[in-house]
Amino acid sequence: MKFKGLKIQHQILIGFLAFTVLIVVVLWFFQVGLLNTFYKAIKHSEIKQMAITASQFTDEEELLVFLEDINKNNNIDIKITEADGQNIASVTSFSNITFRGLSASLCAGIYAQTLANGGEYLEWVTLDNIGGGYEELVYLYATPGDDGKLYILNSRVTPVDATVDTLQVQLWCVTAIMIVVSTALALFLARKISRPIMDINEAAKQFATADYSIKFIPQGARETHELAYTLNYAAAELSQVENLRRELIANVSHDLRTPLTMITGFAEVMKDIPDENTAENLQIIIDESDRLRKLVNDLLDVSRLESGSVEFKQERVNITRLVDDILMRFEKLVDFEFEFYRGNDINVVGDELRLTQVIYNLISNAVNYSLDDKTIIVRQSVVDGDFVLIEVEDRGEGIEQDKLKYIWDRYYKVDKNHQRAIVGSGVGLSIVKKIIDSHGGSYGVKSKFGVGSTFWFKLKIDQKLLEDTNI
Ligand code: ADP
């Protein structure tokens, strides 16, 4: 099957390269494209600030000191005239052609024009003829009013183009290095990230063909480690389910076949031999049909419980009386001695029919797995304040410790060669587990192989009802 989308490593590679290209473009744009604009804007604001500061001096001496200062430190020549063009001050350090040609009348004209222009005027002049490669910034600033003045500032700056040229060379180097480094890094990372995913993918393909022996190797990032562990766990679970499924088919077909053989056998005998047409034989057919029905019901129950399609009632259940009733029925059916140690009647909230099933299954197991000692003890006690504990103890064959954790799984049977005539389908305890879980209770077993088992479950007591009965 062909899947859409790029491979992880290609995606990482493309992502990295796109990121590098973006960074380089941004760098070029700011360093080369916008540098001139930035530079001029900064120079403009600098020189404007100087003019404004100069215009704020009232003391001529101080003004002169300031002008000399900016001339020396900022490389700015400055000339100040009255509105009519009369010179007030002029500080210049380079042979300033601009200033030299300025007569008083010209200055007066410039003053008027600058005022008309909003009080300032800026011009960048390229001076190719002087020393080759200077730029001059001419800034005019005019203050209005009777004592209005004209400030002519002139600054020589190295043209930014030269700097841009230097930067460009540098940027080419940076671009080349970045592309090489990011490609190498992208290739390395892409391999590092995609390798474990590719391995897991390969293993998963095999897993999909129901090969549960596959091992997913945890490697790479934490997520891929986790993924490998999860898949290993799923593989183990599925293989267990698969084994159980195989066992179930074997067991169920065996369980179904035995009563069916009996039914058809007896029916045929009764048909062929008129003397055999007895009530006793009919009873056998009825009993075997009952067993079949129970088996089918159990299997249906467990699948319904597992699919979650069963709705549990929320009713008051007198659990003590329930145990009593069930024990009474068993006493009539089997030749066992049942002892029930009970205190006061206890109520719980739940589904009576389902809870009957729980108690029935536990007692029926105790009967089925008992050996010579046919004593079964049932205990009811209050534990942890508001929980009722029901224990069913038998003196039967017990369960080996290593098998204990599996008995609650559906279709699990400890001994496959057990006497099939009395033993069930392997779903009884999984039904118990589902029902108790759905009632918010807990369950468990203590067992000693060869000595016996005690199965128990715990449910919350319906305190409200206890209080009611106390009144
Ligand atoms: P089954 O229908 O086979 O009894 P269950 O789910 O009720 O199925 O029980 C699962 C397995 O647990 C049984 O096959 C049996 O091996 C073991 N088991 C259950 N109850 C007892 C018990 N009281 N004593 C010994 N083994 C038990």
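The model is predicted: local features require pLDDT of at least 70 and side-chain atom pairs pLDDT 80 or more, whereas totals for chains, interfaces and linings use all residues. Residues are numbered from 1 along each chain as its sequence is written, and side-chain values rest on heavy atoms, with hydrogens and water left out.

The surface patch consists of Leu 22, Val 26, Phe 29, Phe 30, Phe 38 and Ile 42, with about 590 Å² of accessible area together (Shrake-Rupley method, 1.4 Å probe; for residues, only the protein chains shown count as cover). Patch members have over 30% relative accessible area and no salt bridge, and nonpolar side chains are joined within 5 Å; a salt bridge places a side-chain nitrogen of Lys or Arg within 4 Å of a carboxyl oxygen of Asp or Glu. Helix α1 supplies the largest share, 4 residues. Phe 38 lies in α2 and is partly exposed, its relative accessible area being 44% (buried, under 20%; exposed, over 50%; partly exposed, in between).

The protein contains 13 helices and 12 strands, strands being E runs of at least two residues. Its radius of gyration is 50 Å, well over the 23 Å given by the globule rule for 471 residues, so the protein is more spread out than a compact globule (C-alpha atoms; rule, 2.2 Å times the number of residues to the power 0.38). The C-alpha atoms fill a box of roughly 150 × 65 × 40 Å along the principal axes. Buried residues account for 38% of the 471 residues.

How values were computed: Patch = residues over 30% accessible without salt bridge, like charges linked within 9 Å, V, L, I, M, F, W, Y side chains within 5 Å. Buried < 20%, exposed > 50% of the residue type's maximum accessible area, 1.4 Å probe, protein only.
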